[in-house]
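Keep the viewer open as you read.

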Amino acid sequence: MCCSQIRLSGSIRCSGRVEIYHNNAWGTVCDDNWDLNDANVVCRQLGCGTAVSAPQSARFGQGTGNIWLDDVGCSGSERSLTECQHRGFGKHNCRHGEDAGVVCSGDQIRLSGSTRCSGRVEIYHNNAWGTVCDDSWDLNDANVVCRQLGCGTAVSAPQSARFGQGTGNIWLDDVGCSGSERSLTECQHRGFGTHNCEHGEDAGVVCSGDQIRLSDLNDANVVCRQLGCGTAVSAPQSALFGEGTGNIWLDDVGCSGSERSLTECQHRGFGKHDCGHMDLSKPNISMNPAGKISWGQNVSITCLISTQHLGGTFTLTKTSGSSEMTQPSSTNSTTFNILQVTLDNEGTYQCQYQIRILSKDFISPLSDSVRLSVTVPLQQPSISLTSPNRGLVWGPEGAEITRGYSFVFTCSINSSFPGGCFFLIFSGSKVNNTQPAVNLSASFNFPAAEYEHQGNYSCVYEVTLSKREFPSAMTTIMKVTIKCK
């Protein structure tokens, strides 16, 4: 898909030297009569908000080659810069020291990854790019990013540096978007540069917008240039413009982008291929919520494919077993709901799309995988101390028990998982006392306090489900001092 283009040459997406593509070459714009009306048209055309300023005199450095426009006069309502009044393409009395620029209000955000609409989220702040930490990162946050970049809606919100670790600054942490914000920086967050993360926690997004690889655009660029249609904007796949008939001449085309014609690019050879006129692309798969899932929580897994051939069937397969679910869909996506998950639902999932056209079945490749991990949400237990024969007093450093007097620790927890046991952990001993929980509590009796009982005590609750043990967090530590009579 080809069209005339405009770009900003500078350090960030929404400010820089204005350049337009005309007659198979990029060129600059002269700053004669250049003002905010002209800059507003550029910013709107690029989806960068409104103009903050309209710098002149090659503020963003001097361009090279053609100067395409001069004496530009926009009213501000035009859809593109070339619709504004000007002298005519290539007609000017300028030098590159007069190259025009713009600074737009749009937030500077980009995705660092293999495609335009998926990758590691990076924002520009304080003259530097930086990443976003994945603490609390979810689909609401990812939706804001995808919409801000014109990439549709969020398919998934990958965490743990799925698209590789960034470097330098981590600008945002604990991002909390409602999903309706116009930009990521409008969402709640700790403040720029305030975080407790490392780059192994960099957040990413996968958006529903067309995922075009750079190598695909190289091939498309050769076609667009060969036809005199400028540069490639996208490289649609899966017979987006309808299925052809007859021969398939080329397969595995690999252009560097500088070839004069498509047949100069690397390929298998004329007529050598393993394709049909319609090849389905690999579906996208996402899980909500992402990350570890609590026992009993509901989970949805969404499969989405980029195709115009609707009315097929999606299959969700659990790769670590024989579990399989199928679901017909009248659109290009479907959602599989797994209700009240248990450990039986743990595993890796992939999806696939299949459609029958003219008595022939077409099956997509398997998607990437998502991992469903189940955890048991146990609250922190509590610990208390009593002395039946009143040998306990509370001092400034904790409990003081008179030697020879009895004392009792009671551990308890508020939990939906009964039938576990409590461990009483004593810092002065390698031996942990264990008691089964009765009504979610247990008591540990010490008939006579001795100096060897002096130390720090805490409780842990543990429950066994499907032959797996799940411990709670440790209680707060209780310090016990043994004093003489």
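At the start of α1, a side-chain oxygen of aspartate 35 comes to within 3.1 Å of the backbone nitrogen of asparagine 37. Keep in mind that this is a predicted model.

Helix α1 itself covers residues 36-45, and its buried residues are Asp38, Ala39, Val41, Val42 and Cys43. In general, an α-helix has 3.6 residues a turn, so residues three or four places apart point the same way. That is a handy thing to bear in mind when you turn the helix on screen. After α1 comes glycine 47, with a positive phi near 70°.

Now move along to strand β21, residues 347-357. Which strands does β21 pair with? The table lists β18, β23 and β22 as partners, each running antiparallel to β21.

| Partner of β21 | Residues of partner | Bridges | Direction |
|---|---|---|---|
| β18 | residues 313-318 | 6 bridges | antiparallel |
| β23 | residues 370-375 | 3 bridges | antiparallel |
| β22 | residues 360-363 | 4 bridges | antiparallel |

Lysine 318 stands opposite tyrosine 349 of β21. Threonine 348 has arginine 371, in β23, as its bridge partner. Isoleucine 355 faces phenylalanine 362 in β22.

The turn between two of these strands is worth a look too. β21 and β22 form a hairpin with 2 residues between the strands. Here leucine 358 takes a positive phi near 50°. As you follow the strands, recall that in a regular strand the side chains alternate between the two faces of the sheet.

Conventions. Residues numbered from 1 in each chain as written. Predicted model: local features only at pLDDT ≥ 70, side-chain atom pairs only at ≥ 80, totals over all residues. Heavy atoms only, no water. Buried < 20%, exposed > 50% of the residue type's maximum accessible area, 1.4 Å probe, protein only. Polar contact = N/O pair within 3.5 Å; in protein donor to acceptor, adjacent residues only side chain to side chain. Pairing = 2+ DSSP bridges.
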